[in-house]
Amino acid sequence: MIRFTIITLFREALEPYLNTSMMWKAQEKKLASFDFVDLREFGLGPHKSVDDTPYGGGDGMLLRCEPVFNAIESVKAKDSSAKVILPTPVGKVWTQEMARKMAGGIERLKPASLGHTQDRSAKLTVPEEQVLANSAPHYIILCPHYEGYDERIMSIVDYPISLGKYVLTGGELPALIIIDSVVRLIPGVLGGESSALIESFSDGDNLEYPQYTKPYDFRGMKVPDVLLSGNHGEIDKWRKEHSRKAEM
Ligand code: ADE
């Protein structure tokens, strides 16, 4: 069972997706579990404030250290093995290979020993000797909001992850994408697929060929006849010839 604990101010933005379709099935089959921690509960003062203005001036508000550290430490107090993911546009760009490692639970990093001044993406390069088996990985996903976060938060993060070269308003959408791409790779979640098939897919070197279903003729666009021939040798040949490497 893979566990995700999501620290957010907006659990209502995440729950509908996680309780639908495959993510819901993964929970039903006890292959994944999703818990929420309300960052507001760790807010400061009567208004439970979680953000403040930046030193040195500038627009917007930044997530403060105290609520974030206290929220993360409250989770780690119950499970010290939990690793922290921070969705951030300056993180390492998320790939299928990284999703596969998380789904397998084999990617284990030393506790965050790199300071916040060092190259953030360096933490995702895992030397072979640090890779250990772990059948019950637990990931804490911290969802920042507002214009950004105090840089010292990086010192408690194991995986700073970017979903691409664009900026979103918060970490909730990245959290859903990370969870979805990991959970679908867990054997048993998608049902029909064998784990071996999923494994080869997730290696990123799968071959994607065009596929068709009924009707045979849709507005003049016909299904290639070879696919109706029943000749499996010819079908395999056609599929190989028309395969495109997935961009991963
Ligand atoms: N937060 C804001 N933009 C982001 C991005 N592109 N990836 C991950 N987290 C983000």
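Let me start with how elements are named here: helices (H or I, at least four residues) and strands (E, at least two) are DSSP runs, numbered from the N terminus. With that scheme, Phe42 sits in the loop between strand E2 (32-38) and E3. Hello everyone, and thanks for having me.

Two housekeeping notes. What we have is a predicted model, in which local features need pLDDT of at least 70, side-chain atom pairs count only at pLDDT 80 or more, and totals for chains, interfaces and linings use all residues. Residues are numbered from 1 along each chain as its sequence is written, and side-chain values use heavy atoms, with hydrogens and water left out.

How confident is the predictor? pLDDT is its confidence in each residue, from 0 to 100. For the protein chain the mean pLDDT is 86, with 80% of residues reaching 70 or more. Please take care with residues 106-122, where the pLDDT is below 50. Beyond near neighbours in sequence, that stretch has 41 contacts in the model, a contact meaning heavy atoms within 4.5 Å. Residues 125-133 also have pLDDT below 50, and that stretch has 12 contacts beyond near neighbours in sequence.

Back to Phe42, then. Which residues does Phe42 contact, leaving aside its neighbours within four places in sequence? They are Val37, Pro67, Asn70, Ala71 and Ser74. Pro67 is 25 residues away from Phe42 along the chain, yet their C-alpha atoms are separated by 4.8 Å.

Now the ligand. A residue counts as near it if one of the residue's heavy atoms lies within 4 Å. The surrounding residues are Pro87, Thr88, Pro89, Ile161, Ser162, Leu163, Gly164, Tyr166, Val167, Leu168, Gly170 and Pro174. By class, this shell has eight nonpolar, four polar and no charged residues. For that tally, Ala, Val, Leu, Ile, Met, Phe, Trp, Tyr, Cys and Pro count as nonpolar, Asp, Glu, Lys and Arg as charged, and the others, Gly among them, as polar.

The backbone takes part too. Ligand nitrogen to polar backbone atom, we have 2.8 Å for Leu163, 3.1 Å for Gly164 and 2.7 Å for Tyr166. Taken alone, the ligand exposes 260 Å², and the protein buries 96% of that; accessible areas come from the Shrake-Rupley method with a 1.4 Å probe.

Which strands each supply at least two residues of the shell? Those are E5 (83-93) and E8 (159-162), and the largest share, three residues, comes from E5.

These two strands also meet each other. Two strands pair if DSSP finds at least two bridges between them, and E5 pairs with E8 in the parallel sense over five bridges. Here Pro87 has Ile161 in E8 as its bridge partner, and both residues are among those around the ligand.

Elsewhere, three strands make an open sheet in the order E3-E4-E7, with mixed pairing. Its edge strands, each pairing on one side only, are E3 (51-52) and E7 (148-149). Strand E4 (residues 62-63) runs parallel to E7, joined by two bridges, and Leu62 has Gly148 as its bridge partner.

A cis peptide bond, with omega about 5°, joins Lys214 and Pro215; Pro215 lies in the loop between strands E9 (207-208) and E10 (217-218). Then there is Lys30, not a glycine, but with a positive phi of about 60°. Look for Lys30 in the loop between helix H2 (21-28) and E2.

Methods: Polar contact = N/O pair within 3.5 Å; in protein donor to acceptor, adjacent residues only side chain to side chain. pLDDT = per-residue confidence, 0-100.
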